Amino acid sequence: MTDLTLTSPLRILIADDHPDTAEVLATVLHLTAPGPVDTVVVHNGLQAVHAASHEAFDTVLLDLEMPLLDGMEAASVIRALHGARAMVIIALSGNSAKIQAARSSPLFDEAFIKPLDMDAFLSVVFSEPPTRA
């Protein structure tokens, strides 16, 4: 992956059922981005699917343990709506078993355990996405 220099806003959907976590992520992304970033924050998997079905996103950050639809289910629906690799989907969780499952799943491009290794996380979010099939 190469470093990304943003000229048009990078659109990022953040789905986490803990509002403080979601807002901190949005703030960190805005403060550290190499260019303009638009973030949309939702608090459950159903809202994530709704947002992804009505707006175009470059990256989707999904907590794996959300109400209504968990992150795995939401990723499956989003991939079905947009094609296998229309956007980068990153799994987030404090549960290491869930992260291992996400890393083994073709639904996710990357998975990070909470608390996040912020350097590694930001490196992935702000890197040029791999060529998608």
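1. Read along the sequence, the chain runs β-α-β-α-β-α-β-α-β-α. That comes to five helices and five strands. The model is a predicted one.

2. The protein chain has 133 residues, and 44% of them count as buried. Its accessible surface is about 6,600 Å². Carbon and sulfur atoms account for 56% of that surface.

3. Contacts across the sequence deserve a look. Take the contacts in the protein chain with a separation of 6 or more: 65% of them join residues 24 or more positions apart.

4. Now the helix pair. Helix 2 covers residues 45–54 and helix 3 covers residues 71–82. Their axes lie 9 Å apart, and the packing angle is about 15°. Angles under 35 degrees count as roughly parallel, so helix 2 and helix 3 are roughly parallel to each other. The crossing of helix 2 past helix 3 is right-handed.

5. Which residues make the contact? Helix 2 contributes G45, A48, V49, A52 and S53. Helix 3 contributes A74, V77, I78, L81 and H82.

6. What is the make-up of this contact by class? Seven of the residues in the contact of helix 2 with helix 3 are nonpolar and three are polar. No charged residues take part.

Note on methods. Residues are numbered from 1 along each chain as its sequence is written. This is a predicted model: local features need pLDDT of at least 70, side-chain atom pairs count only at pLDDT 80 or more; totals for chains, interfaces and linings use all residues. Side-chain values use heavy atoms; hydrogens and water are left out. Axes are lines fitted to C-alpha atoms, for helices over the stretch in contact, and angles run from 0 to 180 degrees between N-to-C directions. Helices (H or I, at least four residues) and strands (E, at least two) are DSSP runs, numbered from the N terminus. Angles under 35 degrees count as roughly parallel, over 145 as roughly antiparallel, 65 to 115 as roughly perpendicular and the rest as oblique. A crossing is left-handed if the near helix is turned anticlockwise from the far one by less than a right angle, and right-handed if clockwise. Contact means heavy atoms within 4.5 Å. Ala, Val, Leu, Ile, Met, Phe, Trp, Tyr, Cys and Pro count as nonpolar, Asp, Glu, Lys and Arg as charged, and the others, Gly among them, as polar. Buried means under 20% relative accessible area, exposed over 50%, partly exposed in between (1.4 Å probe, protein chains only). Accessible areas come from the Shrake-Rupley method with a 1.4 Å probe; for residues, only the protein chains shown count as cover.
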